[in-house]
Amino acid sequence: MLLTLDHLTVRLPGTARPVLDDVTLRVAAGEVVGLVGESGSGKSTTAKAALGLLPGTATASGTVRVDDADVLALTGEELRRHRARTVAMIHQDPRAALNPVRRIGDFLRERGADRDRAAQLLGAVGLSDPERRLRQRPHELSGGMLQRVVIAGALAARPRLLLADEATSALDVTTQAEILALLRTLRAEQGAGLLFITHDLHLAAAYCDRVYVMYAGRIVEERTAQAFFAAPAHPYTRGLLDCSPTLGDTSRPLLPIPGRPPSLGDAFPGCPFASRCPDAEPACETWRPEAAELPDGGVAACRRAPAAVPTATERNLS
Amino acid sequence: MSTEPRNGPDALLVVDGLRKTYPLPGRGRLTAADDVSFSVAPGGSLGIVGESGSGKTTVARMLVGLVRPDAGTVTVDGRPRSPRPPRRRQARLARAREVQMVFQDPYISLDPRLTAAQCLRTTLRLHGRDEATAVRLLERVGLGEREADARPRQLSGGQRQRLAIARALAVQPRVLVLDEAVAALDVSIQAQILQLLDTIRRDTGVALVFVSHDLAVVQHVTDDVLVMHRGSVVEQGPTQRVLAEPAHDYTRLLLAAVPREGWDPEGAVPARA
Amino acid sequence: MTALTLAPVRVPDRRPVGVTVAAAVLLLVVLAALLAPWLAPYAPDAIDLSASLAGTSGDHLLGTDSSGQDLLSRVLHGARSSLVAPVLLLAVAALLGVTLGVLAAWRGGWTDALVSRLTDVMYAFPGLLFTVLIIAVFGTGTTTSVLALGLAYTPTVAKYTRSLALAESRKPYVDAYRIQGMGGARICALHLVPNLGRAVVGYLVVLFGEALMSLATLSYLGFGAQPPSSDWGLMVQEGQAAVVQGALLPALVPGTAIALVVVSFNVVGVWAADRLGRQA
């Protein structure tokens with residue numbers, strides 16, 4: 001297994017609940033794994049944990065392994081190598097990763113590409129006239145072009161694991177499609193694993209092999225992309241799907257989930273979703289969520305799962 | 001494809017031939033929007049979709065009067081809107097009651113110093129309305145007493161956007177322009193706001209102009225749609241028809257790029273010629 | 001969708017030791033200024049020629065100047081004018097500078113061009129020279145130098161306010177006021193300026209040390225406070241002659257007072273401006 005998070009719990013001082021609560025997640029080599037959830041669900045912290053980039057004030061229990069390295073135990077040169085070589089992160093805002101006064105070529109060379117390879121990478125990510133791009137500075141390129149540069153930088157190090165944190169969320173849909181096609185080809189060529197963080201359920205389901213759903217720092221469901229859409233097991237996943245506008249499906253009214261996503265100031269004695277859950281029973285308020293195996297191999301952390309899971313036909317009828 | 005405004009007797013908002021260009025460094029001008037025409041019935045809902053640089057935001061800003069068009073007219077209820085804010089206070093306020101706007105980023109579209117109640121009272125006072133209406137307006141958008149005394153930074157993104165909607169409603173506008181108003185919100189909150197807008201539209205008869213990059217959202221909340229590309233309207237018509245049987249290549253390209261079950265990003269790429 | 005998944009975690013702000021020390025110094029100076037009549041062992045202008053240029057002793061803790069005036073008493077009394085004058089000066093500069101800066105940012109076009117060129121010209125002109133020019137016309141004295149320096153500081157404040165106001169006026173909440181039909185003057189006065197308040201005050205705090213220094217310089221040059229005032233700048237100038245006679249205290253005591261206050265104010269000011277800026 002390429003990336004393994006086992007029962008990872010991360011606490012920050014001054015918060016009522018852990019940022020990550022008993023998170024178990026795996027990414028295999030060559031696999032695209034989606035991580036979906038709303039603000040404050042812990043998606044980005046999960047990616048940062050894989051980078052060994054948790055805030056200094058955080059306390060963590062559980063393990064984070066990339067290949068065989070225990071990421072949370074890495075220090076100094078090993079940690080630096082881990083972040084520079086083994087794992088690469090692509091953020092939503094490419095400008096955050098680029099030094100505005102340095103040339104694109106310098107950015108790629110810092111990541112271990114020589115001039116020829118740098119030009120070759122820029123060509124590979126679909127930028128025209130790579131030689132000229134190498135001499136340009138970030139302000140001369142558009143957001144979509146810069147995201148390509150950042151991806152080229154991420155690939156320059158030939159990382160084993162790519163972390164994409166809302167990497168295409170700020171882009172136009174047509175640009176997003178291009179970047180995604182590109183990431184998929186490059187992943188296939190280099191055999192890297194991809195952890196794809198997004199708020200867009202349709203995107204996650206369309207692009208990923210498996211999908212994890214996070215809520216209040218916990219993994220509430222893990223499914224194959226098909227099962228995720230066809231037979232969501234956790235009421236939160238169902239809620240998300242029911243409130244997401246779907247193109248082409250005009251008959252279905254949007255059903256909002258009542259309330260708001262919990263912040264770090266909200267603590268829960270039981271299931272964190274209970275207060276917003278249409279299927280909640282009084283016992284849910286005190287039930288500590290634990291992952292339950294589903295018949296199809298997926299996992300859901302609902303007290304009523306798998307019993308309460310409606311089949312695909314039931315869902316369509318309701 | 002029709003670019004003519006359907007100038008029915010029932011049209012509330014009629015936009016005819018709007019055009020805006022900006023000077024480019026050096027020579028020439030950038031055409032941000034060109035020959036944009038449409039109309040919206042009372043209580044109707046129109047979507048303007050497009051990618052960044054399509055000119056959709058420019059059109060929205062021309063509707064509310066933040067950008068002065070080079071050419072074209074905006075008419076509300078048969079009265080043409082003056083292209084620049086009138087000097088006279090009463091005329092300015094009357095113009096404000098025609099069109100109001102909700103902005104994309106609820107983090108910077110509210111005055112950071114004012115509590116929710118103060119924010120609404122400021123607007124009500126300006127328009128000579130009873131300040132006690134503030135409580136009812138807050139209730140209308142689902143905000144309670146606790147939120148009334150909170151400053152924007154103490155509110156969540158969804159609550160801020162509710163407040164921004166209440167502030168627009170405080171003016172009692174005929175038309176409400178929403179510029180990517182749900183784009184920055186979490187999906188569960190986005191659905192709440194869309195539902196709220198729908199209720200408000202049905203209760204007050206306010207017409208909505210919904211500017212968005214999100215085709216799925218536009219499909220859910222609008223009757224008619226305008227597809228913009230590089231400043232021009234490439235296609236317009238009833239939303240269901242345009243999204244189900246797109247006539248223009250660009251509309252097809254946009255639709256192909258929206259992720260869905262069984263979608264392949266490759267499929268959306270070669271289409272881009 | 002924002003990528004913000006972590007609520008901002010409040011990291012306890014630790015105040016650096018230097019800031020604490022500087023704040024304590026300022027507190028002491030303010031107290032000294034307030035309590036000067038009770039703390040000072042002598043009247044500031046009590047001349048005792050028999051004690052001329054006395055060193056430190058039980059009678060005169062910090063010694064005396066050439067007229068035998070007690071330096072401790074003078075420096076305590078001098079703290080009053082030395083602290084109040086910069087505040088008045090900055091008030092003048094803030095009133096004019098904020099008005100001009102907001103006007104330039106809001107109106108744009110030729111108003112902005114005019115204000116910007118005016119501030120540029122004032123920038124190019126040495127501030128002290130400008131001040132001396134005004135004093136040459138209107139005569140010496142504390143009031144004139146406060147007003148003159150207030151004018152001299154106006155361009156800095158105007159320039160700073162203009163850039164702030166420009167950024168602030170582009171925020172959608174200002175657009176929202178416009179769309180509501182609110183007039184420009186009302187938006188600026190009631191909503192824009194109050195939102196700049198924090199940042200402008202932070203900037204003025206940083207300017208305070210410099211303003212105090214400039215006033216002291218004017219007094220030192222004989223353009224500002226006039227004898228028998230105990231203004232610190234004037235005291236340094238008066239003490240200068242004594243240095244030749246081997247008595248350092250008459251110049252050193254007020255000089256140290258100036259340095260202490262200016263440095264303390266800068267340390268506290270930069271720290272405070274930093275925090276005000278971050279919260280804004």
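Predicted model: local features only at pLDDT ≥ 70, side-chain atom pairs only at ≥ 80, totals over all residues.
**Reading a three-chain model, feature by feature**

Biologist: What is chain C built from: how many helices, and how many strands?

Modeller: Chain C has 9 helices and 0 strands. As for its dimensions, the C-alpha atoms of chain C fill a box of roughly 80 × 50 × 30 Å along the principal axes.

Biologist: How do I read "buried", and what percentage of chain C is buried?

Modeller: A residue is called buried when its relative accessible area is under 20%. In chain C, 45% of the 280 residues are buried. For chain A, 56% of 318 residues count as buried.

Biologist: Why is helix 6 of chain C described as largely enclosed?

Modeller: Count its buried residues. Helix 6 runs over residues 172–179 of chain C, and 7 of its 8 residues are buried, so the helix is largely enclosed by the rest of the structure. The buried ones are C:Pro172, C:Tyr173, C:Val174, C:Asp175, C:Ala176, C:Tyr177 and C:Ile179. Helix 6 is followed by C:Gly181, which has a positive phi, near 95°.

Biologist: Which residues other than glycine have a positive phi?

Modeller: A:Asp129 is one of them, with phi near 50°. A:Asp129 sits in the loop between helix 4 (115–124) and helix 5 (130–135) of chain A. Its relative accessibility is 39%, so A:Asp129 counts as partly exposed. B:Asp35 is another non-glycine residue with a positive phi, about 50°. You will find B:Asp35 in strand 2 (residues 29–40) of chain B. B:Asp35 counts as partly exposed too, at 47% relative accessibility.

Biologist: Where does UniProt place transmembrane regions in chain C?

Modeller: An unreviewed UniProt entry lists "transmembrane region" for residues 20–40, 83–106, 126–153, 200–223 and 243–273 of chain C. Over residues 20–40, chain C is 95% helix and 0% strand, and the end C-alpha atoms are 26 Å apart. Residues 126–153 are 86% helix and 0% strand, with end C-alpha atoms 11 Å apart.

Biologist: What percentage of contacts join residues at least 24 apart in sequence?

Modeller: Start with contacts between residues at least 6 apart in sequence. In chain C, 70% of these join residues at least 24 apart. The value for chain A is 64%.

Biologist: How many helices and strands does chain A have?

Modeller: Chain A has 11 helices and 12 strands. The radius of gyration of chain A is 20 Å, close to the 20 Å that the globule rule gives for 318 residues, so chain A is as compact as a globular protein of that length. The C-alpha trace of chain A spans about 65 × 45 × 30 Å along its principal axes.

Biologist: How far apart are the centres of the positive and negative charges?

Modeller: In chain A, the mean positions of 37 positive and 37 negative charges are 5 Å apart. In chain C, with 16 positive and 14 negative side chains, the two centres lie 19 Å apart.

Biologist: Which part of chain B does UniProt annotate, and is B:Gln219 buried or exposed?

Modeller: The unreviewed entry gives "domain: ABC transporter" for residues 13–255 of chain B. That span is 37% helix and 26% strand, and its end C-alpha atoms lie 28 Å apart. B:Gln219 lies in helix 8 (residues 215–221) of chain B. At 5% relative accessibility, B:Gln219 counts as buried. Leaving aside neighbours within four places in sequence, its contacts include A:Thr246, A:Leu247, A:Gly248, B:Thr239 and B:Leu243.

Methods: Residues numbered from 1 in each chain as written. Chains lettered and ligands numbered in written order. Heavy atoms only, no water. Buried < 20%, exposed > 50% of the residue type's maximum accessible area, 1.4 Å probe, protein only. Helix = DSSP H or I, 4+ residues; strand = E, 2+ residues; numbered from the N terminus. Contact = heavy atoms within 4.5 Å. Lys, Arg positive; Asp, Glu negative; His and termini not counted. Charge placed at Lys NZ, Arg CZ, Asp CG, Glu CD. Rg over C-alpha atoms; globule rule 2.2 N^0.38 Å. UniProt positions renumbered as here; feature names shortened; annotations may be inferred.
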